[in-house]
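Thanks for coming. I will go through one model today, starting with a loop and then moving to the packing and the salt bridges.

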Amino acid sequence: IFHIQEISDKLKISKPPFVEIYVYPSEYEKKIWFGSSTSDVTDIYTPSIHIELNNFFQTTLRHELVHALSSKEAYWGLGFHPNMALTEGLAMALAPDSRTINADSRAAFLIKKNLISDINSLFSPAFWKEANQRAYSLAESFLSYLLENYPQKNLMQVYQGEDFKTI
């Protein structure tokens, strides 16, 4: 309940949706019962989270909760923002992992070493062309910056489909 309230407060969601959480005992059972085995998933329409027991106490649950809680507020009712840098960056920013190097330092390293082919491509359908760790680190850094420096209501307006320039 703590995570739901804290995430809802940060996103200015006054009435968070009820979220069902399904915890599967292993990767195998998750594959059999749900159809996905290698990653934890949020069904944004119900909303429900499908997670393996091994990941339940890690940041994965909180990450998926961000997707579930923001789904009713998302881009013109779609359930997520089609710009995956915004969707995944929001979840990463509100559910940071326990790595010793923070997202800003990881992003700076990636940019300095030219390990991202084109930063602009992260804000396009080409988000998935970059390695997950790299794309997610840059998206987390960017969304964390927005959350720290601008009112959350503005970020949610962008997440709901308003233009960055307008907001």
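Start with Ser39, which sits in the loop between helix H2 (27-33) and strand S2 (41-43). Helices here are DSSP runs of H or I with at least four residues, strands are runs of E with at least two, and both are numbered from the N terminus. Ser39 has a relative accessibility of 38%, so it counts as partly exposed. On that scale, buried means under 20% relative accessible area, exposed means over 50%, and partly exposed is in between, with a 1.4 Å probe and protein chains only. Between the C-alpha atoms of Ser39 and Glu52 the distance is 8.5 Å, and the two are 13 residues apart along the chain.

Before going on, some housekeeping. This is a predicted model, where local features need pLDDT of at least 70 and side-chain atom pairs count only at pLDDT 80 or more, while totals for chains, interfaces and linings use all residues. Residues are numbered from 1 along each chain as its sequence is written, and side-chain values use heavy atoms, leaving out hydrogens and water.

Now the interior. A nonpolar core means a set of buried Ala, Val, Leu, Ile, Met, Phe, Trp, Tyr and Cys residues joined through side-chain atoms within 4.5 Å. The largest one has 24 residues, and Ile7, Leu11, Ile49, Leu90, Leu94 and Leu143 have the most contacts inside it. At least two residues of this core come from each of helix H1 (2-11), strand S3 (48-52), helix H3 (59-70), helix H4 (84-94), helix H6 (132-149) and helix H7 (152-159). Another core, of twelve residues, lies apart from it and includes Ala107, Ile116, Leu122 and Ala139.

What does Ile49 touch, leaving aside its neighbours within four places in sequence? Its contacts (heavy atoms within 4.5 Å) include Val19, Ile21, Tyr22, Val41, Leu61 and Leu65.

Next, helices H4 and H6. They pack at an angle of about 70 degrees, with their axes 7 Å apart. The axes are lines fitted to C-alpha atoms, for helices over the stretch in contact, and angles run from 0 to 180 degrees between N-to-C directions. H4 and H6 are therefore roughly perpendicular; that class covers 65 to 115 degrees, with under 35 roughly parallel, over 145 roughly antiparallel and the rest oblique. Among the residues making the contact are Leu86, Leu90 and Leu94 of H4, and Tyr136, Leu143 and Leu147 of H6.

Last, salt bridges, meaning a side-chain nitrogen of Lys or Arg within 4 Å of a carboxyl oxygen of Asp or Glu. How many are found in the whole structure? The search gives four.

One joins Glu140 and Arg106, with the closest N and O atoms 2.9 Å apart. Glu140 is in helix H6 and Arg106 in helix H5 (residues 103-112), 34 residues apart. Both Glu140 and Arg106 are buried.

Elsewhere, bridges with shared partners join Glu6, Lys10 and Arg62 into one network. Lys10 and Glu6 meet at 4.0 Å, N to O, and both lie in helix H1, four residues apart, about one turn of the helix. Glu6 also bridges to Arg62, with the closest N and O atoms 2.9 Å apart. Glu6 is in helix H1 and Arg62 in helix H3, so this pair ties together parts that are 56 residues apart in sequence. Arg62 is buried at 13% relative accessible area, whereas Glu6, at 24%, is partly exposed.
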